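Trainee: I would like to learn how to read this model. Can we go through it feature by feature?

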Amino acid sequence: MVTMFEWTSAPVFGRGGAASTRCVEAALCEPRRTGAASLFLDSGPLKTLKKLEAAPVRLGSQRAASTHSYDGALALLITLLICLSASLSRADQPTDPYRIISLDYPPDVTLEASGLARLPGGKLAVAIRRGEVWVAENPYAPEGKGVRWKRFASGLHEPLGLAFHDGALYTTQRSEVTRLRDTNGDGTADEYTCAAKGWGVSGAYHEYAYGPKFDSAGNMWVTLNCTMGDSFVPQKDWRGFSLRITPDGAWKPVSGGMRSPSGIGINAAGDVFYSEQQGNWNCGGGVHHIRQGAFHGHQASFASAGLPGAPFAKPAKPVERVPIPEAERLMPIYKPPAVWLPYRKVGMSATDLVLDNTGGKFGPFDGQFFVGEFTMSAINRVFLEKVDGEYQGACFNFMDGFQCGVLRMEFGDDGSLFVGETNRGWNSFGTRSYGLQRVLWNGKPPFDMQKMEALPHGFRCTFTKPITRAAAAAAQWQMRSYTYEYHAEYGGPDIDVQTPGVRLVNLSADGLAAELAVDGLRAGYIHELDITGLAAADGDPLAHPAAHYTLNKIPAP
Amino acid sequence: MKSLPLLWLALAGACGGAPMVPGYERLRQAGGGAGAEAGEVLLSELACLACHGERPAAPTALDWKRGPDLSAAGDRLRPSWVRAWLADPAAVSPGATMPHLLAGRPYEFVEDLTQYVLSRQSGRRVVEQSPGSAKDGEEIFKSIGCIACHRDLPLKGLGEKYAHGELVRFLLQPLLARPAGRMPDLHTTPKEAAHLAAWLAPVEPEDAKPFVPDAASAERGRVAFASLGCAACHERAAERAPVPWRDLKGGCLAENPAAGVPRYGLSEEQRTALRTALAARGPELKAPALEPRAAIRRIMLERDCFACHQREGGGGPSPELAPLFTSTREDLGDLGRFPPPLDGAGRKFQPAALEAILHGKGGVRNYMRVRMGDFGDDLAQRLPVLLAAADLVAPERPMIGTVDPSKVGRNEAGREIVGTGGYACIACHELHGHPSLGIGAYDLAEMPKRLRPEWMRDFLLDPASYPTGTRMPAFWPDGKPLNPKLPGGKDADRQIDSVRVYLTEADQSIPPPGLADEAAYELKPADRPIVFRTFIAGVGTHAIAVGFPAGVNTAFDALEARWALAWRGRFLDAGGTWNQRFTKMEQPLGEGVIKLGDCGALEIAGLPKPTLKFRGYRIEADGVPVFSYGLGTLTIEDRLEPTDSHGLRRKLRVSGQTNEQVVFTAKPPAGVTVKPASGTALRFKGGVAELTEEISW
């Protein structure tokens with residue numbers, strides 16, 4: 001039997017309750033990320049450090065009221081401080097379960113990796129933005145040294161995706177999906193077949209086309225960036241739409257309202273998702289579920305809503321300047337993301353979506369999505385569940401410290417993750433402008449929140465390692481719920497913010513799952529859970545203290 | 001003989017509404033329409049102080065709005081309009097701020113003053129203006145910022161007001177006619193001014209009868225101009241003792257002012273505001289002392305700076321107008337389209353830069369469509385002083401070079417930091433005219449000329465705490481360099497100072513890594529053809545260009561599945577396609593460009609021009625691409641390559657089953673010869689027909 005224990009969300013530690021509450025509130029408003037990425041945030045590491053320096057006092061005060069060991073807490077804090085301050089990159093730490101290595105490539109190749117495809121025989125194909133496809137013969141070379149490369153195709157127009165299917169490579173150029181085949185076996189493509197085309201290409205900047213991703217039925221999925229800025233020809237049909245292309249090359253738009261859908265991912269159940277970037281009509285990034293008729297929010301798509309075959313009609317009264325849940329209610333075609341990726345906290349510019357289908361070879365996140373992050377040169381993580389028939393879930397930071405903006409990801413044969421990078425057009429953290437890296441897992445589980453599931457009155461947080469009740473009691477669990485305004489302007493702040501009380505009501509016997517009761521869950525709101533000072537039973541500090549759950553629907557009791 | 005009532009101007013003015021003063025409206029809408037501040041704004045903007053106040057002595061003191069300079073009004077205005085205006089300004093232009101001075105006076109005053117105003121000509125030559133387009137004019141009006149102020153100031157009857165060509169002349173130099181600087185000079189080009197005039201004054205009615213100058217009448221008008229008080233506003237020449245106020249309910253402030261008293265048509269709320277302000281000033285009209293912050297706010301109200309700029313939480317484009325503020329670089333977001341907030345501007349800018357900015361010069365946000373105008377010398381000299389008094393903080397943390405001269409920034413260190421191996425500032429920012437590698441934010445080389453070094457340093461240390469820094473990454477978070485391996489090491493101040501030094505000397509320095517090593521991207525076919533897909537002018541967005549080592553180049557349009565262009569000499573520059581996010585239409589680099597679209601196509605005899613379906617291409621062993629497309633049930637394979645005589649040879653292979661006759665048709669442009677002749681029918685043998693075409697030019 002599990003003993004029930006609880007605490008209030010506003011910590012009361014000795015005197016100065018008001019001050020510490022304010023401190024906690026500030027801490028909640030400011031995401032805590034380790035590593036370089038946090039340097040983009042409003043508050044930098046030093047401030048974070050100061051907050052944590054203040055923490056031992058609180059823990060010390062709490063010692064009298066709990067059975068928690070002061071020495072243990074101090075050690076934990078020292079560890080935390082070292083983690084935060086010692087290095088700009090988590091990945092540099094020898095104890096980190098994940099490590100990044102960089103792959104060699106010929107110095108005269110501008111390897112702005114824009115598409116990755118695992119090939120039979122342990123090879124890897126890499127599309128680059130300058131319109132070529134290269135094949136790495138031995139991409140698993142130790143430490144990335146001595147990789148042999150061969151150019152497979154050239155003359156493509158900014159390919160932004162690559163897939164291997166039925167013996168051929170497929171890539172999406174600005175104006176078509178192209179199948180590349182080597183028919184004479186010399187290792188170079190000699191057949192460039194148009195597999196699908198016909199969407200509007202006006203030449204306006206930002207008119208990228210992404211994909212394809214193949215589903216289990218052999219259909220290809222392609223997403224089209226919306227048009228921004230001036231264009232020299234007015235043809236803008238289906239900009240901002242997702243397309244499903246059947247094997248015979250026929251296609252139809254499935255959903256629209258996309259802004260910058262640079263990543264497409266298909267989960268284990270076969271459902272298709274895309275990643276969205278903050279900007280006009282999007283105050284944060286997001287992971288959206290692509291389904292028939294969905295309007296994802298960017299109203300530039302209404303320009304195509306009158307075309308034959310449009311998946312939705314332009315509403316008689318398009319909605320603007322209302323909170324997201326209100327927009328969803330007033331404009332039923334509008335489908336907010338399954339998971340919001342809060343701006344800066346979980347990236348500034350989401351890119352690729354890759355499903356962890358490694359069966360555990362990459363750590364304890366099988367079945368989840370990893371989301372690339374361009375500006376902050378990082379990777380985030382998304383857990384999805386279905387509530388009342390619709391997807392929703394939580395996102396978490398995963399790792400940062402890449403050499404450049406992450407655009408593409410592909411799991412290798414061994415469960416390691418190839419990461420294709422470029423930062424042309426925008427800046428990103430890191431030391432390089434492009435390249436290819438690989439993330440290796442050392443087999444030791446990180447201490448992370450593995451998943452966060454919605455309950456009728458709260459959440460269940462499952463960790464990758466057991467925690468003790470004492471550790472849970474020693475930590476601070478804080479919740480903040482908010483939403484965004486649905487508007488045309490570029491980005492926007494959190495609105496309608498509340499800090500509902502959180503109580504831990506149950507910890508599973510194995511110490512892995514903590515059940516939280518939350519006072520006043522709000523449907524349609526992002527619920528951000530921040531855990532300060534939690535350590536696993538083995539002493540590991542929680543690697544990523546924040547989880548962001550998009551509670552589109554509250555599960556029925 | 002005119003009947004008597006017509007000879008006297010009516011006492012009651014037309015219902016033109018109360019005078020429209022943007023700053024007053026702003027206060028009124030915020031609920032302060034009856035307060036002292038609103039009254040002070042009216043005292044200035046209705047030029048009450050022309051008669052009731054003294055010229056300010058201190059350069060930082062507030063000045064009132066003088067009327068237009070009429071010294072060349074005879075060039076500018078139409079007689080019929082001047083007459084109507086003098087007879088009742090608000091009837092001609094609702095919301096007019098010039099009072100009705102002639103109410104209850106004999107009509108002859110109108111005629112004499114009209115004669116006088118029209119007599120004031122400069123004698124300059126009339127230059128014919130180029131015609132403008134009203135459509136373009138509307139676009140310009142709504143994009144460069146005119147509408148920010150003229151949302152509430154309707155512009156009607158400008159064709160009736162301005163003589164032919166004079167509206168254009170006014171728009172080119174509005175401060176000449178309106179030196180008060182409430183209407184800024186937006187630096188319109190002659191062409192833009194012509195477009196604006198075409199939209200603002202689509203009709204230029206001719207006066208019913210020609211204007212006949214009458215020197216005697218004009219002389220009477222000159223005397224009246226002085227005696228009625230016109231000169232007090234329009235010329236402000238005479239130093240005169242202020243007219244004290246005696247009665248807050250009488251005079252101009254009476255509900256129905258007596259004959260001979262200026263009639264402003266004030267609303268009750270405006271009268272209340274004026275009374276409040278006057279009561280506060282006292283009968284001596286002593287101007288209230290204003291703190292710099294309050295004086296800045298007053299100036300921003302009077303000039304309607306708040307229409308575009310925020311300061312201290314107020315102002316900025318209204319939600320209705322915000323969509324009209326646009327940028328040529330959309331993904332700079334709001335920073336690219338909204339004028340910056342003015343909070344802290346006095347600390348941010350060097351005084352000379354601020355003065356230039358207030359003259360509408362030295363702007364760096366060239367992607368922002370709304371323009372900062374020239375608001376005249378008066379503002380440019382006074383506002384920087386006030387901003388400095390309000391915003392400067394003392395003492396500033398000293399610059400590192402002051403503390404330790406050995407640590408002053410180094411040009412070469414700054415160059416490394418700015419470049420792609422450093423913090424890659426050039427990834428987003430232009431630098432001394434070099435385009436950025438990315439979004440094209442403003443030119444960094446301008447920054448040290450504009451910004452105070454202390455502000456620049458503090459901004460770079462924590463950009464997110466400044467309203468203009470929300471998209472700028474913090475490279476020195478909490479005072480620590482993100483990359484201590486760069487020159488300057490762990491010393492953020494030193495790194496930043498190096499950036500400042502390098503930017504200061506950018507015009508005489510080597511471009512930073514990333515710009516300097518940008519190779520030429522010209523594609524040069526060497527031993528095999530180069531296939532290159534991009535946007536090409538004359539081909540479109542589905543262009544596939546083929547460059548041959550023989551020096552003849554072609555381009556195929558995959559959208560319509562046809563050859564589109566051929567040219568000789570150099571092939572293409574890939575720089576735009578590879579490096580610019582806005583992929584421009586590439587231009588053939590060589591010469592002898594011809595259109596291939598009508599140089600030969602296959603059609604089904606008797607049927608309209610077919611839609612061809614592009615299927616792709618294959619690269620043959622010699623590197624030449626063979627394009628494939630469908631014509632109904634037929635498949636066409638199309639290989640085009642240079643001949644020895646720098647022409648083109650095209651081999652067409654048609655396969656498939658058809659019962660129709662397939663015909664080669666060609667209507668080559670002048671100077672281009674094709675063989676075979678148009679109308680040649682294909683002969684099928686075993687389901688395949690072949691045809692070779694020669695193209696020369």
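**Reading helices and an interface**

Mentor: Start at a helix end: B:Ala47, with a positive phi near 60°, follows helix 3 of chain B. Helices (H or I, at least four residues) and strands (E, at least two) are DSSP runs, numbered from the N terminus. This is a predicted model: local features need pLDDT of at least 70, side-chain atom pairs count only at pLDDT 80 or more, and totals for chains, interfaces and linings use all residues. Residues are numbered from 1 along each chain as its sequence is written, while chains are lettered from A and ligands numbered from 1 in the order in which they are written.

Trainee: How many residues of helix 3 of chain B are buried?

Mentor: Burial is a neighbour count. A residue is buried if 20 or more other C-beta atoms lie within 10 Å of its own, exposed if 12 or fewer, and partly exposed in between; C-beta atoms are placed from the backbone. Here, 8 of the 10 residues are buried, so helix 3 of chain B is mostly covered. Among them are B:Val41, B:Ser44 and B:Glu45.

Trainee: What do the buried residues of helix 3 of chain B pack against?

Mentor: Two residues are in contact if their C-beta atoms, placed from the backbone, lie within 7 Å. The partners are helix 2 (22-29), helix 4 (48-52), helix 17 and helix 18 (292-302) of chain B.

Trainee: At what angle do the axes of helix 3 and helix 17 of chain B cross?

Mentor: Axes are lines fitted to C-alpha atoms, for helices over the stretch in contact, and angles run from 0 to 180 degrees between N-to-C directions. The axes of helix 3 (residues 36-45) and helix 17 (residues 268-281) of chain B cross at roughly 95° and come within 7 Å. That makes the two helices of chain B roughly perpendicular (65 to 115 degrees; under 35 is roughly parallel, over 145 roughly antiparallel, the rest oblique).

Trainee: Which elements give two or more residues to the side of chain A that touches chain B?

Mentor: Helix 2 (45-63) and strand 9 (191-197) of chain A do. Strand 9 of chain A gives the most, with 4 residues. In total, 39 residues of chain A contact 36 of chain B.

Trainee: How many bridges join strand 9 of chain A to strand 11 of chain B?

Mentor: Strands pair if DSSP finds at least two bridges between them. Here 3 bridges join strand 9 of chain A to strand 11 (residues 613-619) of chain B, and the strands run antiparallel. In one of them, A:Tyr192 partners B:Tyr617.
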